[in-house]
Amino acid sequence: MYYQDSGIVNPGPRLPTGTRWEFDTMREYRIAILRNPDEDAVGEQKMNAHLRPRWQGMQVEKDDGSRFRLNIPAESPRA
């Protein structure tokens with residue numbers, strides 16, 4: 001497990017949804033899993049999962065300082 005710095009713009013004390021935001025620094029975590037090819041020579045032998053928060057109205061800052069609003073699909077209604 002490791003992390004990378006995030007381009008997520010600090011939303012202030014609350015997200016647009018009303019959830020309290022209490023982080024000074026936002027990081028995006030990654031989980032890397034590697035298999036020994038001797039165990040199973042067929043198929044993928046590795047995986048890398050990227051864990052990044054998402055919310056409506058979220059903004060991201062690029063390396064050049066420009067910002068954009070991340071397009072987050074609306075939540076589907078539950079059956």
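The legends below describe close-up views of a predicted model.

Local features are given for residues with pLDDT of at least 70 and side-chain atom pairs at pLDDT 80 or more, while totals for chains, interfaces and linings use all residues. Residues are numbered from 1 along each chain as its sequence is written, and side-chain values use heavy atoms, with hydrogens and water left out.

**View 1. The largest nonpolar core has nine residues.** The members are I8, L15, W21, M26, W55, M58, V60, L70 and I72. A nonpolar core is a set of buried Ala, Val, Leu, Ile, Met, Phe, Trp, Tyr and Cys residues joined through side-chain atoms within 4.5 Å. Buried means under 20% relative accessible area, exposed means over 50%, and partly exposed lies in between (1.4 Å probe, protein chains only). In soluble globular proteins, nonpolar side chains tend to be buried together.

**View 2. A nonpolar patch lies on the surface.** M1, Y3, Y29, I31, I33, M47 and L51 form this patch, and their accessible area together is about 690 Å². Strand β2 gives the most, with three residues. Strands (E, at least two residues) and helices (H or I, at least four) are DSSP runs, numbered from the N terminus. M47 lies in strand β3 and is partly exposed, at a relative accessible area of 45%. Patches are made of residues with over 30% relative accessible area and no salt bridge; like charges are joined within 9 Å, and nonpolar side chains (Val, Leu, Ile, Met, Phe, Trp, Tyr) within 5 Å. Accessible areas come from the Shrake-Rupley method with a 1.4 Å probe, and for residues only the protein chains shown count as cover.

**View 3. E28 and R52 form a salt bridge.** The closest N and O atoms of the pair are 3.1 Å apart. The pair links distant parts of the chain, with R52 in the loop between β3 and β4 and E28 in strand β2, 24 residues apart. A salt bridge is a side-chain nitrogen of Lys or Arg within 4 Å of a carboxyl oxygen of Asp or Glu, and by this rule the count comes to three. E28 counts as buried because its relative accessibility is 3%, whereas R52 is partly exposed at 25%. Leaving aside neighbours within four places in sequence, E28 is in contact with several residues, among them Y2, Y3, Q4, H50 and R52.

**View 4. E61 and R67 meet in a salt bridge.** The N to O distance between the two side chains is 3.1 Å. E61 lies in strand β4 (residues 59-61). At 35% relative accessibility E61 is partly exposed, while R67, at 51%, counts as exposed. Not counting residues up to four places away in sequence, E61 touches G7, V9, S66 and R67. E61 and G7 are 54 residues apart along the chain, yet their C-alpha atoms are separated by 4.9 Å.

**View 5. E22 and R20 form a salt bridge.** The closest N and O atoms of E22 and R20 are 1.9 Å apart. Both E22 and R20 are exposed.

How values were computed
Contact means heavy atoms within 4.5 Å.
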